[in-house]
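Visitor: I would like to learn how to read a helical model. Could you walk me through this one?

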Amino acid sequence: MENPTERSAARRAFGTGWKYAKKTNLTMWIFVGMIVGIIIGAVNPAAGVAIKPLGTAFIRMIQAVETPLIFSTLVV
């Protein structure tokens, strides 16, 4: 059984990290994602190939939103 003070310390530590993560801007997250992708590709190329469908799906979702967004911006 966990000690209540240990549990609250863990919650404080997680809460502090989450507060920092929420304050981080989008540019920082893009760079973090790029660095993680480079590391995965360098360490385990097979894992990079395995997650390629996720990247392809993400790009297709962005493309699907792009056209209506530009159209609505120009018309409205």
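Visitor: How far does helix H4 reach from its first C-alpha to its last?

Guide: A word on the source: this is a predicted model, where local features need pLDDT of at least 70, side-chain atom pairs count only at pLDDT 80 or more, and totals for chains, interfaces and linings use all residues. Residues are numbered from 1 along each chain as its sequence is written, and side-chain values use heavy atoms, with hydrogens and water left out. The expected span of a helix is 1.5 Å times one less than its number of residues. H4, residues 52-75, has 24 residues and reaches 36 Å, close to the 34 Å expected.

Visitor: How many residues of H4 are buried?

Guide: Buried means under 20% relative accessible area, exposed over 50%, and partly exposed in between (1.4 Å probe, protein chains only). In H4 the count is 0 among 24 residues. Over the 76 residues of the chain, 3% count as buried.

Visitor: Is Ile 38 buried or exposed?

Guide: Ile 38 lies in helix H2, residues 26-43, and is exposed because its relative accessible area is 58%. Its C-alpha is 9.1 Å from that of Gly 48, 10 residues apart in sequence.

Visitor: What does the UniProt annotation cover?

Guide: Such annotations may be inferred rather than shown by experiment. Here the unreviewed entry gives "transmembrane region" for residues 28-51. That stretch is 92% helix and 0% strand, with its end C-alpha atoms 22 Å apart.

How values were computed: Helix = DSSP H or I, 4+ residues; strand = E, 2+ residues; numbered from the N terminus.
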